[in-house]
Amino acid sequence: GNLEESGKWSWNYLVVGMGFSFFFLTIPLQLYYSYTSERSLDGMYPDLPKILQSHSGRELFKAHLAQEFSVENFLFWQYATMWKNKYKKGSKKTAVNYSRIFYTFLESGCTLQINVSHAIQQRVGKHLERLNNSAVPNDALDECVEEVIGLMSQSLSRFYRSDLYEQYRKHVVGHSENLNHSI
């Protein structure tokens with residue numbers, strides 16, 4: 001009865017079999033569970049627009065971006081959004097503010113240059129060249145804003161793990177409790 005002596009069994013087969021079972025069962029299961037747990041956590045965290053809606057959210061996220069040396073994205077978003085909200089077709093002030101935004105954030109080599117594609121940078125620059133002949137369209141910065149929101153969204157997962165997010169969460173929870181008590 002010794003299986004090893006009769007050639008039907010070897011400890012080598014056992015070790016190899018355990019290795020295969022670990023690789024083909026354990027690792028795929030681990031990957032599956034980590035993916036599903038991340039997906040279930042998506043609803044637990046506020047998305048970027050929700051964070052940017054509140055004053056404390058904006059300030060704490062801006063501080064986080066400053067720690068990551070990418071605060072220029074937030075500042076561009078802020079100024080471009082204000083420019084669009086105060087937009088008046090043909091207004092001299094609108095044109096001046098547009099050129100300030102361009103020279104501050106989009107011109108090659110500027111101090112606070114944002115990381116947008118060269119094609120978008122060129123399209124925005126063409127509006128600047130035509131300022132004397134026509135008004136800047138209201139949607140002139142929309143493509144840039146979309147790219148910058150994408151860049152800021154990449155920082156969200158790190159923001160969620162930071163002390164600044166904990167401050168935001170405490171402020172939001174405290175603020176909602178105050179609203180509930182006043183009803």
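By what distance along helix 4 (residues 55-67) are Glu-59 and Lys-62 separated? The two residues stand 3 residues apart in that helix, so about one helical turn lies between them. Helices in this description are DSSP runs (H or I, at least four residues), numbered from the N terminus. The model is a predicted one, in which local features need pLDDT of at least 70 and side-chain atom pairs count only at pLDDT 80 or more, while totals for chains, interfaces and linings use all residues. Residues are numbered from 1 along each chain as its sequence is written, and side-chain values use heavy atoms, with hydrogens and water left out.

Side chains of opposite charge can pair when their charged atoms come close. The structure holds 5 salt bridges, a salt bridge being a side-chain nitrogen of Lys or Arg within 4 Å of a carboxyl oxygen of Asp or Glu. One of them joins the side chains of Glu-59 and Lys-62, with an N to O distance of 3.8 Å. Glu-59 is partly exposed at a relative accessible area of 32%, and Lys-62 is likewise partly exposed, at 23%; here buried means under 20% relative accessible area, exposed over 50%, and partly exposed in between (1.4 Å probe, protein chains only). A further salt bridge connects Arg-169 and Glu-166, whose side chains meet at 2.9 Å, N to O. These residues, too, are separated by about one helical turn, because they are 3 residues apart in helix 10 (residues 163-182). Both ends of the pair are partly exposed, Arg-169 at 37% relative accessibility and Glu-166 at 29%.

The salt bridge between Glu-68 and Arg-158 has its closest N and O atoms 2.4 Å apart. Glu-68 lies in the loop between helix 4 and helix 5, whereas Arg-158 belongs to helix 9 (residues 156-160), so the pair ties together parts that are 90 residues apart in sequence. Glu-68 is partly exposed, with 23% relative accessibility, and Arg-158 is partly exposed as well, with 37%.

Asn-73, in helix 5 (residues 71-85), is buried at a relative accessible area of 6%. Apart from neighbours within four places in sequence, Asn-73 is in contact with Ile-114, Asn-115, Val-148, Leu-151 and Met-152. Gln-121, located in helix 7 (residues 118-129), is buried at 10% relative accessibility. When residues up to four places away in sequence are not counted, Gln-121 touches Phe-102, Leu-106, Glu-107, Ser-108, Gln-113 and Val-116.

The surface carries patches, made of residues with over 30% relative accessible area and no salt bridge, in which like charges are joined within 9 Å and nonpolar side chains (Val, Leu, Ile, Met, Phe, Trp, Tyr) within 5 Å. A nonpolar patch is formed by Val-16, Phe-20, Phe-22, Phe-23, Phe-24, Ile-27 and Leu-31, which together have about 720 Å² of accessible area, as computed by the Shrake-Rupley method with a 1.4 Å probe. Within this group, Phe-22 lies in helix 2 (residues 11-41) and is partly exposed at 48% relative accessibility. A patch of positive charge gathers Lys-86, Lys-88, Lys-93 and Arg-100; Lys and Arg count as positive and Asp and Glu as negative, with His and the chain ends not counted, and the place of a charge is taken as NZ of Lys, CZ of Arg, CG of Asp or CD of Glu. Lys-93 sits in helix 6 (residues 92-106) and is exposed, with a relative accessible area of 62%.

Terms used:
Contact = heavy atoms within 4.5 Å.
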